[in-house]
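Here is a short walk through one chain of a model and the places where its parts meet. Have the sequence and the 3D view open as you read.

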Amino acid sequence: MTDQKPILTGAEKALLAQLEQAGQSAGAHEFAIAGLPTRRVESYHYSDLRSLLTQVPLLAVAADVAPGTESPAPYLSDAVCLDMVNGRVSIPGNMPAGLVVKEISGSVLSERDDALVRLNRGLAGQAVHIQFEGDVGWTVLVSRHLSGDACHVVDGVDVIVAPGASGTLVEMFDSSDAAHLGNHATRVRLGEGARFTHVIIDLCARAVRHFHSLEYDLGTNASMRNLIVNSGASLSRVQMFGRFSGSRAHGDFTGLNLVDEGQHCDITFDLGHAVPDTTSRELFKSVARNRARAVFQGKIVVDPVAQKTDAKMMAQGLMLSEGAQILTKPELEIFADDVQCGHGCTCGELDSDTLFYLMSRGIPRAEAESMLIRAFLQELFDPLENDELVGRLEAIVANWLENGSASAGAGKAD
Amino acid sequence: MSTPILEIRDLHVQVEDKEILKGVDLVVPAGEVHAIMGRNGSGKSTLSNAITGRDGYEVTEGDILLEGKSILELEADERAAAGLFMAFQYPIEIPGVATMTFLKSAMNAQRKARGEDELTTPEFMKAVQGAAKDLSIDKDMLKRALNVGFSGGEKKRAEVLQMALLEPRMCILDETDSGLDIDALQVVSEGVNRLRAPNRSMLVITHYQRLLNHIVPDRVHVFSDGRIVESGDKELALELEAKGYAAYDPVAA
């Protein structure tokens with residue numbers, strides 16, 4: 001008989017202590033046995049958190065930071081802005097009609113066999129609840145700031161889009177330059193006929209480790225589009241758990257890992273078509289420069305009753321340097337027989353013929369490369385209806401292209 | 001005599017360690033149109049790629065001079081700014097890059113490289129609209145992504161549009177007639193002929209004589225096995241059409 005109990009790493013010990021301190025004895029016991037996921041856990045195959053997460057700062061104490069002091073000029077001029085500083089929510093007094101916002105406590109996530117979800121459920125302090133009512137189509141911007149010295153922030157946003165209502169949620173993450181650990185959650189429930197757009201942008205400092213679990217439930221006739229952009233933290237994992245629970249619902253799920261030297265960014269996606277006659281489109285792109293790693297794992301499960309499911313998943317990667325890595329794993333589990341499901345995957349360098357064509361017209365190599373990278377990403381941004389938001393996203397890409405060696409591939413494009 | 005626009009001296013070019021061009025000598029004086037004819041595989045495309053500076057075409061001997069200055073050390077974009085333009089046999093489709101954005105980037109990049117002011121939007125729009133009209137290019141075509149969904153004829157007209165807007169000193173037309181029906185050939189040739197000018201030269205690469213009925217050359221050169229093996233006036237093209245290239249094939253050892 002061998003002792004199954006693993007030797008805990010420093011980070012695991014710190015998380016265990018935080019769970020115990022939070023009075024989560026059952027959770028702590030479970031965590032002490034399972035620890036952080038390794039590559040042997042299929043959904044963490046390319047993101048071995050046991051080795052990647054080396055250190056865990058103290059849990060943020062919400063009262064430490066005065067809320068609402070850090071917001072500069074609004075990122076989106078027409079949005080209703082909410083700030084969460086180290087997990088603490090500040091809600092402006094005058095909410096417009098059709099929008100209900102309140103503070104709630106505890107985790108917003110459902111129980112699930114996943115280490116990050118369990119930690120969020122065990123350690124979550126505050127969360128904000130946002131309810132969209134009517135079809136005004138408000139845009140809400142939740143800015144989550146990780147402030148001050150390194151801390152471990154566990155928070156959440158709970159969204160309900162009422163039947164027939166519509167809305168847009170933009171979640172921005174930024175931080176001070178400290179080794180914060182964020183374990184964030186967002187849960188979205190779409191009522192019958194609801195329409196929803198969700199954009200999630202990580203612009204944290206490199207020192208930050210950024211984890212975000214997303215849960216979506218789509219009711220009958222509901223439709224949504226999301227876009228995840230990972231570009232800030234050195235280590236990030238955004239995981240999506242989506243479920244179609246009403247017929248004729250449609251989801252466009254999209255994401256981008258825009259990564260540079262030393263970054264490891266992971267988008268992992270698990271979508272369940274659980275009822276008949278639902279459709280989804282998944283489009284995930286990665287652009288990796290220097291020694292960076294971009295991970296995409298996409299899993300679509302079609303239940304036996306989910307006839308007429310139509311799902312297509314596409315992953316496309318662009319490697320700009322020799323040391324860049326893009327790791328992609330699509331999975332389809334189909335238990336119904338009358339469905340249309342497919343997936344595709346491409347990965348490569350910028351096309352040398354295309355680059356030559358642009359250069360032969362006088363466009364310098366670096367500018368030609370930037371044009372092609374922007375062109376590659378345009379189809380992620382184009383469907384978003386908010387022009388100001390599209391402008392912000394394009395600015396993130398432009399900034400990424402300008403900072404650092406935009407022509408890292410120069411001289412070896414062939 | 002004034003400096004020729006293009007002068008090629010004893011040019012040897014290797015592709016993947018294989019010698020394709022084996023000593024090409026060619027002088028194209030200002031204002032002249034020269035044709036290069038030869039069968040497939042004779043090295044015509046290697047010549048155009050070497051002149052425009054494509055990666056992978058290694059010049060091992062000789063020189064290429066544009067208006068008297070060697071361009072061998074220049075990157076493709078610098079050669080373009082120096083006045084070189086090639087109309088591609090197969091123009092590249094680039095989804096996500098709008099045709100107008102591309103045209104403006106190219107025109108302004110060249111102006112910037114030459115130390116000229118960038119075009120204002122009204123100046124740019126005026127230039128494009130004028131040139132597009134001459135080539136029967138409609139607005140819808142300009143609104144699309146670059147070459148995406150263009151027919152063969154539209155692609156070649158778009159190439160000539162770029163040529164008109166970029167105002168090069170030296171134009172290379174690489175198999176411009178391929179994929180064109182008679183009507184499209186007419187429009188494209190008229191577009192090219194309009195661009196003939198005393199300070200602009202052209203090199204027309206083709207293996208059919210029919211294009212040369214429309215774009216009448218001053219000189220015709222026959223290409224075989226990586227060299228120019230015969231030169232003459234426009235009558236040479238007709239002779240070739242009648243007799244074929246066999247007479248110029250290298251003698252089997």
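Glu7(B) stands opposite Leu65(B) in β4(B). The model is predicted, with local features needing pLDDT of at least 70 and side-chain atom pairs counted only at pLDDT 80 or more, while totals for chains, interfaces and linings use all residues. Residues are numbered from 1 along each chain as its sequence is written, and chains are lettered from A and ligands numbered from 1 in the order in which they are written.

Strand β1 (residues 6-15) of chain B runs antiparallel to strand β4 (residues 57-66) of chain B, and 8 bridges join them. They belong to an open sheet of 4 strands in the order β2-β1-β4-β5 (chain B), with antiparallel pairing. Its edge strands, β2 (18-28) and β5 (69-70) of chain B, each pair on one side only. Here two strands pair if DSSP finds at least two bridges between them; strands (E, at least two residues) and helices (H or I, at least four) are DSSP runs, numbered from the N terminus.

Now to a helix. Which residues of α9 (residues 235-243) of chain B are buried? They are Leu236(B), Ala237(B) and Leu240(B). Seen down the axis of α9(B), these fall within an arc of 100°, so they line one face of the helix; the arc is that of the directions from the helix axis to the C-beta atoms. The face turned away from the buried side of α9(B) carries the exposed residues Glu235(B) and Ala242(B). A residue is buried if 20 or more other C-beta atoms lie within 10 Å of its own, exposed if 12 or fewer, and partly exposed in between, with C-beta atoms placed from the backbone. The buried residues of α9(B) pack against β3 (33-37), α8 (210-214), β11 (219-224) and β12 (227-232) of chain B. Just after α9(B), Gly244(B) takes a positive phi of about 80°.

Chain B also meets its neighbour: 23 of its residues are in contact with 20 residues of chain A, contact being C-beta atoms, placed from the backbone, within 7 Å. On that side of chain B, α3(B) gives the most, with 5 residues.

A few values for chain B as a whole:

| Property of chain B | Value |
|---|---|
| Helices and strands | 9 helices, 12 strands |
| Span of the C-alpha trace along its principal axes | about 60 × 40 × 40 Å |
| Buried residues | 42% of the 253 residues |

Technical notes:
Contact = placed C-beta atoms within 7 Å.
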